[in-house]
Amino acid sequence: MARIPLHETAELKAADVIHKRFSALPADATVAQVRNWFAESSHRRMAFLADDGRYAGSLTRDDLDGDLNPNDSAARVARAGPTIAPDAPARAGYELAIATPALRLPVVGSDGTLIGVIGVTDDLAAFCGAD
């Protein structure tokens, strides 16, 4: 997966460093469905919920720990933010992403559309999945 080193991003916007492989789950997904989605790949660090393309929240594996009813709506435990606008500086996205254990950050348009996700490498040296 391609990396963009942090030192090469001074002039880039958040939209320029969006991870190329990204998907969203429906906003009405259950806790069980999101747990299953995480279980399919150890590389998945944050789940994004969307309603007809509009950002509805995000969750990490840790958000689904504990005694949650698997049939409950995952949106009940999802967080609305932080998010970043596509025209914001990439460096601002980096700072927000590294403040989360998932090293991920949703990119959301002014109309609420989920545009993509920023991902930061484990060594914190680059954006991952971007070309």
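From the N terminus on, the protein runs β-β-α-β-β-α-β-β-β. That makes 2 helices and 7 strands; the elements are DSSP runs numbered from the N terminus, with helices being H or I of at least four residues and strands being E of at least two. The radius of gyration is 14 Å, close to the 14 Å that the globule rule gives for 131 residues, so the protein is as compact as a globular protein of that length. That radius is taken over C-alpha atoms, and the rule is 2.2 Å times the number of residues to the power 0.38.

A word on conventions. This is a predicted model, in which local features need pLDDT of at least 70 and side-chain atom pairs count only at pLDDT 80 or more, while totals for chains, interfaces and linings use all residues. Residues are numbered from 1 along each chain as its sequence is written, and side-chain values use heavy atoms, with hydrogens and water left out.

Now the overall numbers. The C-alpha trace spans about 45 × 30 × 20 Å along its principal axes. Of contacts between residues at least 6 apart in sequence, 55% join residues at least 24 apart, where contact means heavy atoms within 4.5 Å.

Next, the surface. Buried residues are 44% of the 131; buried means under 20% relative accessible area, exposed over 50%, and partly exposed in between, with a 1.4 Å probe and protein chains only. The protein exposes about 6900 Å², and carbon and sulfur atoms supply 49% of that. These areas come from the Shrake-Rupley method with a 1.4 Å probe.

As for charge, there are 13 positive and 18 negative charges, and their mean positions are 3 Å apart. Lys and Arg count as positive, Asp and Glu as negative, and His and the chain ends are not counted. Each charge is placed at NZ of Lys, CZ of Arg, CG of Asp or CD of Glu.

Which residues does a cis peptide bond join? G81 and P82, with omega at about 5 degrees. P82 sits in the loop between β4 (54–59) and α2 (90–98).

Then positive phi. D52 is not a glycine, yet its phi is positive, about 55 degrees. D52 lies in the loop between β3 (47–51) and β4. Is D52 buried or exposed? At 78% relative accessibility, D52 counts as exposed.

L124, also not a glycine, has a positive phi near 65 degrees. L124 belongs to the loop between β6 (114–119) and β7 (126–128), and its relative accessible area of 35% makes L124 partly exposed.
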